[in-house]
Every structure is written in C-alpha cells, then in structure tokens.
Amino acid sequence: MAETSTSATAVAVQPWKYKKGKHFSIARNINYQSQSSLFTHSYIPSTQSSHPPFSANMQIKNLAIAASVSAVVSAAPSTQSKTFGVVAIHSGSGVQNVAFNAAKGSIFAGLPNQGASCARPQEQQATFYINNGALYLYDQSATPQEIYVDRSGMGQGLIGYTTGAQPTPKNSEREGWTEKDGHLQFGGHDLIACPNSIDGAWSIWASAGIANPAGNTDCVSIAARVVETSNPNGCSYTA
C-alpha cells in the first residue's frame, strides 16, 4: 500500500502599499506536512486591491498595546518628593524654629542673606526636595544642585552641595536622605547645628558620631522639621 501524507495549505493575502500609489498583495502559502513544517512565501503583484495597508485586527492590536504601555507608565510610582523648607527644632536653644539656608556650598540655619539668585529674592529660606534618597536644592533651572555628606574622619559629618556636573567629593555620599515623622534625616539620624558660623548663623552637620564636629563647640542635635510648600521659590545658590 502506498504511504500517504496529509498536508494543508493556508493562503493569507495581505495588501501592501508600494511606490506612487501602486499596490501589491502578499500571498502567504503555509504548508503543513506530517513530518516537518515548511513555510514558503510568494509575492503576487496585484493592481486591484484598494484596502488600507493595515487590517482592522492589526489596528485594534496596536491600540491595545498602546493602552497597556500607557497604563504601566501612569502606574509607575514617582520617586521625587514634595518641595519643602526645613526648620530646626531644639527647645531652649538659639536655633529653635530657625529656617535652613544654602550659601557658599554649605547648609546653614539663620543666615541673614543667602546671596542666591531667586525667583523671589526677598525670601531667604532654602527649598529642598528628595529624589531616590538624594537631597537637592530646588530650582526651575535644568542645572541641579545636589547635597552631599562626608561622614569620614576628615569630614566628620560635613554637609555641602555641588552644582551641575561637579563630581561627588572624595569620601562623600549622596543617598541616604529620608523624611521620618515629618523630620529630615540622613542615614536614619537627626542632624546637628553648631553656632558661631558666618554672619552669626548656625552650620548644619550630619551625625557622624561626633558631638562637636570639626572643632566646633556648643553644638546641639536638632529635629529638622519639614515644612511643605506648594509654591516653591526657585533659587540658584552660591558655590
């Protein structure tokens, strides 16, 4: 008895637009054989097709994919926090309820004049935001000013900031900033304020296990209270 094989041929015709308004159809012959599958494609010119180049099914599929991508993007969590000012809290001290400032590459509390270029220059408080654990000074400019912390034996908790593409200083950290119970912390610890800095201001330090960093005296631990603002004052602070 002669051996028989079963095969089926499916032909799908898809029009495709060619140059200068000419059309041609794609006849796709798919041959299914009992032992293997062989796919062959032949192109048959046609001048009779007037259908658009994409079928309704393809358009529906594309719309579904676009809607899915849009849903994923909109559902992605934002990593940037609100904008806020900071006020030092240490009851009975001279830094109680004194706002943070930024100037000369450092962070202070109670500095009379920041010398910054601001949208509202009469305001002397610095504005911050947190992004992925890093702390930034707020400005509408595309040039960021980012805070760093040096908790090494040399820095002893020094807080400063860089502008634009300036690299992170040696031994310094960028990430580790959080807001906990309404207070700004670095590395899970409160900050430190030391008196008698420039223009009578307090210098602000991160905790590095040293009560009076860098030879300062009479420093106090502070709760850095976050004060949210919906109308931030954009500033470019002095280096």
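Reply: The largest pocket holds about 180 Å³ of space, a volume being the space filled by probe spheres set on grid points that are joined across faces, edges and corners. This is a predicted model, in which local features need pLDDT of at least 70 and side-chain atom pairs count only at pLDDT 80 or more, while totals for chains, interfaces and linings use all residues. Residues are numbered from 1 along each chain as its sequence is written, and side-chain values use heavy atoms, with hydrogens and water left out.

Me: What makes a space a pocket, and what a cavity?

Reply: Lining residues have an atom within 4 Å of a point. The largest pocket has 16 of them, and Gly85, Gln125, Ala126, Thr127 and Thr229 lie nearest its centre. Strand β4 gives the most to this lining, 4 residues; β4 and β17 each supply at least two. Strands (E, at least two residues) are DSSP runs, numbered from the N terminus.

Me: How do the residues lining the largest pocket divide by class?

Reply: They are 7 nonpolar, 6 polar and 3 charged. Ala, Val, Leu, Ile, Met, Phe, Trp, Tyr, Cys and Pro count as nonpolar, Asp, Glu, Lys and Arg as charged, and the others, Gly among them, as polar.

Me: How many cavities of 30 Å³ or more are there, and which residues line the largest cavity?

Reply: The count is 1 cavity of 30 Å³ or more. The largest cavity has a volume of about 50 Å³, and its lining includes Phe100, Phe128, Ile147 and Trp177. By class, that lining has 10 nonpolar, no polar and no charged residues.

Me: Which members of the largest nonpolar core touch the most other members?

Reply: Phe100, Phe128 and Trp177 do, out of 33 residues. Strand β17 (residues 220–228) gives this core its largest share, 4 residues. A nonpolar core is a set of buried Ala, Val, Leu, Ile, Met, Phe, Trp, Tyr and Cys residues joined through side-chain atoms within 4.5 Å.

Me: Why is Ala88 called buried?

Reply: Buried means under 20% relative accessible area, exposed over 50%, and partly exposed in between (1.4 Å probe, protein chains only). Ala88 has 0%, so the residue is buried. Ala88 sits in strand β4 (residues 84–89).

Me: Is Lys104 buried or exposed?

Reply: Lys104 has 59% relative accessibility, so this residue counts as exposed. Lys104 is in the loop between β5 (98–103) and β6 (106–109). Beyond its neighbours within four places in sequence, Lys104 is in contact (heavy atoms within 4.5 Å) with Tyr161, Ile198, Thr238 and Ala239.

Me: What joins the side chains of Gln145 and Thr163?

Reply: A polar contact of 2.9 Å. The term needs a pair of N or O atoms within 3.5 Å; within protein, one must be able to donate a hydrogen and the other to accept it, and residues adjacent in sequence count only if both atoms are side-chain atoms. Gln145 lies in strand β10 (residues 145–150) and is buried, because its relative accessible area is 4%.

Conventions
1 Å grid on protein atoms, 1.4 Å probe; cavity = no way out; pocket = protein on both sides within 12 Å on 5 of 7 lines; lining within 4 Å.
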